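User: I would like to learn how to read a protein model. Please take me through the features one at a time.

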Amino acid sequence: MNHFKGRHFQKDIILVAVGYYFRFSLSYRDIVELLRDRGITVHHYDPIFKALWRRHQTAHAKSWRIDETYIRVKGRWAYLYRAIDSNGLTMDFELRKHRDYTASYHFLKRLLTTNGRPDRLVTDQYRATLKAVKHLIKQDYLSKSAHQCSKYRNNLIEQDHRFIKRHRVRSASFQSIRTASATLSGVEIVHAIRKRTRRELSLIVFSVVDELEALLAA
C-alpha cells in the first residue's frame, strides 16, 4: 500500500521529519528549522502509523499495568490512558477528554478484547477504574483473582509515563483533542518500538527512520 500517494514531499523526507519529532523532545518549529537548514520548507504532516502498529502487535507477557497521565489540551487537562506489560512493553494507549468510568471501561474492554485475559492486571485505586474493572469481571472479561491494586507494582508504568511527559515539556498545550491524539499516537508508537528493539536487539543502534520504514513495509 502506498501510504504517501499524493503527498507533497517524498517519503524519505516525511519519515525523517515525523520520526525525529516523535523520537526527540522537539517542537514543530524545531523540525521546520532543521529541515529548512537542509533546503526543505515544510509546515505540517499527517500521521499514518497507529493502525499499522496495532496490526503488527505481537504477544505480550500476561501481567499488565494500567494507568493514566495528564496532558494539557487547549488549556484543560485531558487523560492519556496507557497499558504496558511486566516487561515494560507498550500494549495500548488512548487519549480521553475525561478521567471517568466510561473512559476506563472502554479502554480496558478494548485491551482485554484484543489481548485476552491476563494473569494479573494492576491498577491504581481510582474509583472510576475500580468500577470499570468490577463491571468487566462481571461480564467475564477478567477473573476477579487477576486484579490487583498495588502502588509498588504500578511504579513500572509511572516511570514509563516520563518519556511521554518529557517529550511534551518544550511544547505549548495542544489546541484540540484530534491534534493531541494524532501526535501522542506517534510518540507512543516510536517509544513502543524503541523499547522492543532495545529488549530484543540490544546490540543494534536504534534508528527511528529505519523502524518506521520497516513498519510501513510489514
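User: In what order do the five strands form an open sheet?

Analyst: This is a predicted model, in which local features need pLDDT of at least 70 and side-chain atom pairs count only at pLDDT 80 or more, while totals for chains, interfaces and linings use all residues. Residues are numbered from 1 along each chain as its sequence is written, and side-chain values use heavy atoms, leaving out hydrogens and water. Strands (E, at least two residues) and helices (H or I, at least four) are DSSP runs numbered from the N terminus. Two strands pair if DSSP finds at least two bridges between them. Here the order is β3-β2-β1-β4-β5, with mixed pairing. β3 and β5 (147-149) stand at the edges with a single partner strand each, so one side of each has no neighbour in the sheet.

User: How many bridges join β2 to β3?

Analyst: Six bridges join strand β2 (residues 76-85) to β3, and the two run antiparallel. They form a hairpin with four residues between them, and Gly-88 in the turn has a positive phi of about 85°. Ile-84 stands opposite Thr-90 in β3.

User: In which sense do β1 and β4 pair?

Analyst: Strand β1 (residues 63-73) and strand β4 (residues 120-123) pair in the parallel sense over three bridges. Arg-65 has Val-122 in β4 as its bridge partner.

User: How many residues of β3 are buried?

Analyst: Buried means under 20% relative accessible area, with exposed over 50% and partly exposed in between, using a 1.4 Å probe and protein chains only. In strand β3 (residues 90-96), six of the seven residues are buried. Across the protein, buried residues make up 45% of the 218 residues.

User: At what angle do the axes of α7 and α8 cross?

Analyst: Two packed helices are described by the angle between their axes and the distance between the axes. Axes are lines fitted to C-alpha atoms, for helices over the stretch in contact, and angles run from 0 to 180 degrees between N-to-C directions. Helix α7 (residues 177-200) and helix α8 (residues 208-217) have axes that come within 11 Å and cross at roughly 100°. They are therefore roughly perpendicular to each other, a label for angles of 65 to 115 degrees.

User: Which residues of α7 meet α8?

Analyst: Contact means heavy atoms within 4.5 Å. Ile-189, Val-190, Ile-193 and Thr-197 in α7 meet Val-208, Glu-211, Leu-212 and Leu-215 in α8.

Methods: Parallel < 35°, antiparallel > 145°, perpendicular 65-115°, else oblique.
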